[in-house]
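Let's walk through this one together, one feature after another. Have a look first, then we'll talk.

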Amino acid sequence: MGFEMKPEKEVMELISSKNQCMSSPNSVNNNNKKKKNNKNKKMMMTWRRKKIDSPADEITAVRRLFNTCKEVFSNGGPGVVPSEDKIQQLRDILDDMKPEDVGLAPTMPYFRPNTGLETRSSPPITYLHLHQCDQFSIGIFCLPPSGVIPLHNHPGMTVFSKLLFGTMHIKSYDWVVDTPMRDPKTRLAKLKVDSTFTAPCNASILYPEDGGNMHRFTAKTACAVLDVLGPPYCNPEGRHCTYFLEFPFDRFSSEDDDILRSEEEKEGYAWLQERDDNPEDHTNVVGALYRGPKVED
């Protein structure tokens, strides 16, 4: 503003003390003082109203997202799914979010194609950390064309993913319950999603037991994906990120199996096997500083 405005109480005390020191029997002077006091009050009220209505105080989209996450996941925990009303509340916020709300544009260096000699591996993927607490985390994956986030799980989590821009292929699975495992690391899963999405599109949601809890992202063009996890990964609490290899149903099945009989039943099923290696060792994900609008005070 260029000046310091005193609190209303201090101003009124100052005015009162001045009136006490300037006693006069002239009633005209008293009336003038009252008019001056009323004018001062009106000026203060006008200034305060303008301050409240100032555009600088308007809540940003990313701050609205943060506040909504605090409410939605306030009573959350591993395996706890928010109510339908709260899920819809958060989904509505994410559906309206745009790249500029988080300070992103497709022309930024994160999204440049891999022009190096090493073309057999996935190009570098950049992760922007916005917030993490015990209840939830917010982050953005920035994928250049052909970038891949391998098939992985989200144990005990509810996850919201919003494609901010670009075209991406998503393939996801859920575990088949009450089916014996082939071995301690191999389990039957049913295909949930195998589609290509182009922004703008609505946010997708996966749950601890369904909705495609294991998924893989493949960027067809430069992409940005805003992720909200509730609760976030936590190794000490047993919420590890596990990666999987994918095999067709017939790979580990024989004619004596009673799991699925007909070809129609077999379609859409696959065996997922925990990887012995760590894809993070050769999936080039790098962290970068988030430079968009402030998430919290």
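Q: Is histidine 131 buried or exposed, and how do I read that?

A: Go by relative accessible area: buried is under 20%, exposed is over 50%, and partly exposed is in between (1.4 Å probe, protein chains only). Histidine 131 has 10% relative accessibility, so it counts as buried. You'll find histidine 131 in strand 1 (residues 125-132); strands (E, at least two residues) and helices (H or I, at least four) are DSSP runs numbered from the N terminus.

Q: Before we go on, what kind of model is this?

A: A predicted one, where local features need pLDDT of at least 70 and side-chain atom pairs count only at pLDDT 80 or more, while totals for chains, interfaces and linings use all residues. Residues are numbered from 1 along each chain as its sequence is written, and side-chain values use heavy atoms, with hydrogens and water left out.

Q: What is the mean pLDDT of the chain, and where does pLDDT stay under 50?

A: pLDDT is the predictor's confidence in each residue, from 0 to 100. The chain has a mean of 82, with 73% of its residues reaching 70 or more. Residues 1-28 stay under 50, and the model has 17 contacts beyond four places in sequence for them; a contact means heavy atoms within 4.5 Å. Residues 44-56 are also below 50, with nine contacts beyond near neighbours in sequence.

Q: What does the chain look like in overall numbers?

A: It has five helices and 12 strands. Of its 297 residues, 38% count as buried. Take the contacts with a separation of 6 or more: 78% of them are between residues 24 or more positions apart. The chain exposes about 17800 Å², with carbon and sulfur atoms supplying 50% of that (Shrake-Rupley method, 1.4 Å probe; for residues, only the protein chains shown count as cover).

Q: Back to histidine 131: which side chain does its side chain make a polar contact with?

A: A polar contact is a pair of N or O atoms within 3.5 Å; within protein, one must be able to donate a hydrogen and the other to accept it, and residues adjacent in sequence count only if both atoms are side-chain atoms. Here the partner is the side chain of glutamate 296, at 2.9 Å. Leaving out residues up to four places away in sequence, histidine 131 touches Phe66, Phe136, Ser137, Ile138, Val295 and Glu296.

Q: And where is glutamate 296 found?

A: In the segment after strand 12 (285-288). Its relative accessible area is 34%, so glutamate 296 is partly exposed. Beyond four places in sequence, glutamate 296 touches Arg63, Phe66 and His131. Glutamate 296 and asparagine 67 are 229 residues apart in sequence, yet 8.6 Å apart in space, C-alpha to C-alpha.

Q: Which residues of helix 3 are buried?

A: Start with the general idea: an α-helix has 3.6 residues a turn, so residues three or four places apart point the same way. In helix 3 the buried set is Ala61, Val62, Leu65, Phe66, Thr68, Cys69 and Val72. They cover an arc of only 165° around the axis, which puts them on the same side of helix 3; the arc is taken from the directions from the helix axis to the C-beta atoms. These buried residues pack against helix 4, strand 1, strand 2 (137-143) and strand 9.

Q: What span should helix 4 have?

A: The expected span is 1.5 Å times one less than the number of residues. For the 12 residues of helix 4 (84-95) that gives 16 Å, and the end C-alpha atoms are 16 Å apart, which agrees. Ile87, Leu90, Ile93 and Leu94 are buried in helix 4. They sit on the same side of helix 4, because their arc is only 125°. The face turned away from this buried side carries the exposed residues Glu84 and Asp85.
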